[in-house]
Structures are given as structure tokens and as C-alpha cells.
Amino acid sequence: MVENLRPKKVSESAIDNYPMEIFPNDLNPLKTVAGGRVLEIADRLAAIVARRHSQNNCVTLFLDSVRFLSPAKEAEILIFKLSANRSWVTSMEIGVKIVTEDILLKNQRHVASMYFTFVAVDSNNIPTPIPQLIPEKEEEKRRFREANKRRKQRLKS
Ligand SMILES: CC(C)(COP(=O)(O)OP(=O)(O)OC[C@H]1O[C@@H](n2cnc3c(N)ncnc32)[C@H](O)[C@@H]1OP(=O)(O)O)[C@@H](O)C(=O)NCCC(=O)NCCS
């Protein structure tokens, strides 16, 4: 088996804790962080998870279930948490959860969640096979099961 099709654990590609301080140029007119800014960073980080898992270039095919649950303000720290939830033949679902961290109170608030579907492509931009994903922890196994249900919905759209 070629090295880049070796089945991989979720932990081999996950990003557990990517911190980003919110600056004035990240804000909308209401002085809370702009949704588009959050999506841009989430897309870039999800692409890294997809590239780590597939060891190939990947393109964004689908973004769904975007939900902004709570606003974040200047000087707060956003923490991006991402992992591959499931891989199929050439595509994979990457889950993203974003929280804010209050450094003094040491608590976290859920800000947003979403799912990206990435497709690995070869040098001609043709979809190319990717490794199977090995979920280990209970939470990873739950996401792995639920990803198949979401994919069925996406394939109808
Ligand atoms: C992604 C892309 C290469 C796929 O090309 P394609 O010819 O449609 O490829 P396929 O039909 O073989 O599908 C590729 C994978 O996407 C999956 N897919 C296609 N439509 C889907 C949908 N609606 N929902 C979920 N998965 C879908 C297929 O099931 C397949 O995955 P699998 O091999 O794991 O089963 C092509 O659509 C593309 O280049 N899109 C633009 C990507 C881009 O520029 N992104 C940046 C955003 S600006």
C-alpha cells in the first residue's frame, strides 16, 4: 500500500487548539467579529486538516450547518478546533468548532460550528483516493457515524 493511502487516525490530522486574537479589522459595524472572517480562517484550517489526512491537495466542495451561536468581541481569543469526521473514496468531512476563551475566568463559550467537505485532487484537479479514517475515542466514533447521515443529505442537494 502506498504511504499516502495508509489508514490514519483522527489525531494525525486534527487541529485541537488554534488561537486567534480578535483585532479591530476583524469586526463588523456592531463591533463583534465578522462571520466572514471566521469562515475564512475555518476554511484555511480545514484545508490543512484535509491535506494532512490525504497527503494531497484538496479543494472545498461543500460548507454546511454553519451556525453562529454567540457573538465574540475585540480582544477576546477565538479557539478553532477541527478534526476529520469521516473519509469516503475521494472526499472527507471536516468538523469545526469555535469557542472563545476567557483567560481570566478560564471558561469557554461556544461561538460557531460548521462542516466542510473537501475533495483530494491530483495534479490535473481530478478527484483522487484518500486514506480511510480511524476513529478511536467515543466522540470520534459518534462523529464518524453521524457524518454518513449528513453526507446522504448533501448528496440529495
Ligand atoms: C471538487 C471537484 C474536484 C469534484 O469534481 P467532480 O467531478 O464533481 O467529482 P466527483 O463527482 O467524482 O465527486 C468527488 C467527490 O465529491 C463527492 N460529492 C459530490 N457531490 C457531493 C455532494 N453534493 N455532497 C457530498 N459529496 C459530494 C462525491 O461523492 C465524491 O466523493 P467520494 O469519492 O468520496 O464518494 C469539482 O467539483 C471542483 O473542482 N469544484 C470546485 C472546487 C473549488 O474551487 N473550491 C474552492 C471554493 S471557491
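Val-66 is partly exposed, with a relative accessible area of 35%, where partly exposed covers the range between buried, which is under 20% relative accessible area, and exposed, which is over 50% (1.4 Å probe, protein chains only). The areas themselves come from the Shrake-Rupley method with a 1.4 Å probe, and for residues only the protein chains shown count as cover. This residue lies in strand β3, residues 57-68, a strand being a DSSP run of E with at least two residues and a helix a run of H or I with at least four, both numbered from the N terminus. Together with Leu-63 and Phe-68, Val-66 makes a nonpolar surface patch of about 240 Å². Patches are made of residues with over 30% relative accessible area and no salt bridge, like charges being joined within 9 Å and nonpolar side chains (Val, Leu, Ile, Met, Phe, Trp, Tyr) within 5 Å.

The model is predicted, so local features need pLDDT of at least 70 and side-chain atom pairs count only at pLDDT 80 or more, while totals for chains, interfaces and linings use all residues. Residues are numbered from 1 along each chain as its sequence is written, and side-chain values use heavy atoms, with hydrogens and water left out.

**The whole protein**

The protein has two helices and seven strands, and from the N terminus on its elements run β-β-α-β-β-β-β-β-α. Its radius of gyration is 16 Å, close to the 15 Å that the globule rule gives for 157 residues, so the protein is as compact as a globular protein of that length. That radius is taken over C-alpha atoms, and the globule rule is 2.2 Å times the number of residues to the power 0.38. Taken along the principal axes, the C-alpha atoms fill a box of roughly 50 × 35 × 30 Å. Buried residues make up 42% of the 157 residues, and the accessible surface comes to about 9200 Å², of which 53% belongs to carbon and sulfur atoms. Among contacts between residues at least 6 apart in sequence, 72% join residues at least 24 apart, a contact meaning heavy atoms within 4.5 Å.

**The nonpolar core**

The largest nonpolar core has 32 residues, and those with the most contacts inside it include Leu-78, Leu-82, Ile-94 and Phe-118. Such a core is a set of buried Ala, Val, Leu, Ile, Met, Phe, Trp, Tyr and Cys residues joined through side-chain atoms within 4.5 Å. At least two residues of this core are supplied by each of β2, α1, β4 (77-87), β5 and β6 (107-121), and the largest share, eight residues, comes from α1. Leaving aside neighbours within four places in sequence, Leu-82 is in contact with residues including Ala-42, Leu-45, Ala-46, Val-49 and Ile-94.

Thr-100, in strand β5 (residues 91-102), counts as buried at 2% relative accessibility, and its contacts beyond four places in sequence include Ala-72, Leu-78 and Val-111. Thr-32 has its place in the loop between β2 (15-21) and α1 (35-54) and is buried, with a relative accessible area of 17%. Not counting residues up to four places away in sequence, Thr-32 touches Asp-26, Leu-27, Pro-71 and Ala-72.

**Salt bridges**

Side chains of opposite charge can pair when their charged atoms come close. A search of the whole structure finds eleven salt bridges, each being a side-chain nitrogen of Lys or Arg within 4 Å of a carboxyl oxygen of Asp or Glu. Three of these pairs are set out here.

| Pair | N to O distance |
|---|---|
| Arg-6 and Glu-12 | 2.9 Å |
| Asp-64 and Arg-154 | 2.7 Å |
| Glu-146 and Arg-142 | 3.1 Å |

Asp-64 forms its salt bridge with Arg-154; Asp-64 lies in strand β3 and Arg-154 in helix α2 (residues 138-156), so the pair ties together parts that are 90 residues apart in sequence. Asp-64 counts as buried at 16% relative accessibility, and Arg-154 is buried with a relative accessible area of 9%. In the pair of Arg-6 and Glu-12, Arg-6 is partly exposed at 31%, and Glu-12 is partly exposed at 35%.

Glu-146 and Arg-142 both lie in helix α2, four residues apart, about one turn of the helix. Glu-146 counts as partly exposed at 27% relative accessibility, and Arg-142 is partly exposed with 33%. Elsewhere, salt bridges that share partners join Asp-26, Arg-37, Glu-40 and Arg-44 into one network.
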